[in-house]
Amino acid sequence: MIRILLAEDEEAMRTYLARALQNAGYEVVAVDRGTAALPLLYGKDFDLLLSDIVMPEMDGIELAQRCAEISPNTKVMFITGFAAVTLKASREAPQARVLSKPFHLRDLVMEVERIFGQQVQATV
């Protein structure tokens with residue numbers, strides 16, 4: 001089963017995204033900030049880091065850079081509502097995918113499936 005580490009500081013969005021990904025058949029560990037995600041990367045193997053970019057304490061870009069050092073096989077996808085931040089993410093983490101808010105949950109699941117070369121597992 002594909003394991004996803006979700007870092008999203010907005011509680012409602014974090015719950016919403018985690019539930020959608022779990023319904024699609026993924027194992028999800030959700031945290032509210034990058035500094036909470038970082039130690040988890042040391043202890044467990046995650047297939048995907050799904051991170052908001054703008055978060056307190058450590059932004060998603062720094063988290064992705066640290067993830068690349070700690071767990072180089074973990075793929076990265078950003079979610080953000082800020083267009084300017086999307087451009088920065090594309091420059092500083094070019095291997096990462098960026099999904100701009102607002103998006104439909106189906107779009108998120110389809111993007112995750114694309115990353116792992118899977119077909120749609122569930123309707124969201």
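**Briefing: a parallel sheet, its helices and its cores**

In helix 5, the buried residues are L105, L108, V109, E111, V112, E113 and I115; buried means under 20% relative accessible area, exposed over 50%, and partly exposed in between, with a 1.4 Å probe and protein chains only. Helices (H or I, at least four residues) and strands (E, at least two) are DSSP runs, numbered from the N terminus. The model is predicted: local features need pLDDT of at least 70, side-chain atom pairs count only at pLDDT 80 or more, and totals for chains, interfaces and linings use all residues. Residues are numbered from 1 along each chain as its sequence is written, and side-chain values use heavy atoms, with hydrogens and water left out.

**Helix 5**

- The buried residues of helix 5 pack against strand 1, helix 1, strand 3, strand 4 and strand 5, where contact means heavy atoms within 4.5 Å.
- The 12 residues of helix 5 should span 16 Å at 1.5 Å a residue, and its end C-alpha atoms are 17 Å apart, which agrees; the expected span is 1.5 Å times one less than the number of residues.

- Five strands form an open sheet in the order 2-1-3-4-5, with parallel pairing; two strands pair if DSSP finds at least two bridges between them.
- Strand 2 (27-31) and strand 5 (97-100) are at the edges with a single partner strand each, so one side of each has no neighbour in the sheet.
- From one strand to the next, the twist averages 20 degrees.
- Strand 1 (residues 3-7) pairs with strand 2 in the parallel sense over 5 bridges, and I4 is opposite V28 in strand 2.
- Helix 3 (residues 60-70) lies across strand 1, strand 3 (48-52) and strand 4 (75-80), and runs at about 160 degrees to strand 3; axes are lines fitted to C-alpha atoms, for helices over the stretch in contact, and angles run from 0 to 180 degrees between N-to-C directions.

**Helix 1**

- Helix 1 (residues 11-23) has 13 residues, which should span 18 Å at 1.5 Å a residue; its end C-alpha atoms are 18 Å apart, in agreement.
- R14, L17, A18, A20 and L21 are buried in helix 1.
- Seen down the axis of helix 1, these buried residues fall within an arc of 165 degrees, so they line one face of the helix; the arc is that of the directions from the helix axis to the C-beta atoms.
- E11, A12 and N23 are exposed on the other side of helix 1.
- The buried residues of helix 1 pack against strand 1, strand 2, strand 3, strand 4 and helix 5 (105-116).

**Nonpolar cores**

- The largest nonpolar core has 21 residues, of which I4, L21, Y26, L50, L108 and V112 touch the most other members; such a core is a set of buried Ala, Val, Leu, Ile, Met, Phe, Trp, Tyr and Cys residues joined through side-chain atoms within 4.5 Å.
- Strand 1, helix 1, strand 3, strand 4 and helix 5 are the elements that give two or more residues to this core.
- Helix 5 gives the largest share of this core, 5 residues.
- A second, separate core of 18 residues includes V31, F46, M55 and A96.
- Not counting residues up to four places away in sequence, the contacts of I4 include L21, Y26, V28, L50 and V112.

**A36**

- A36 is in helix 2 (residues 34-43) and is partly exposed, with a relative accessible area of 27%.
- A36 and M58 are 22 residues apart in sequence and 9.4 Å apart in space, C-alpha to C-alpha.
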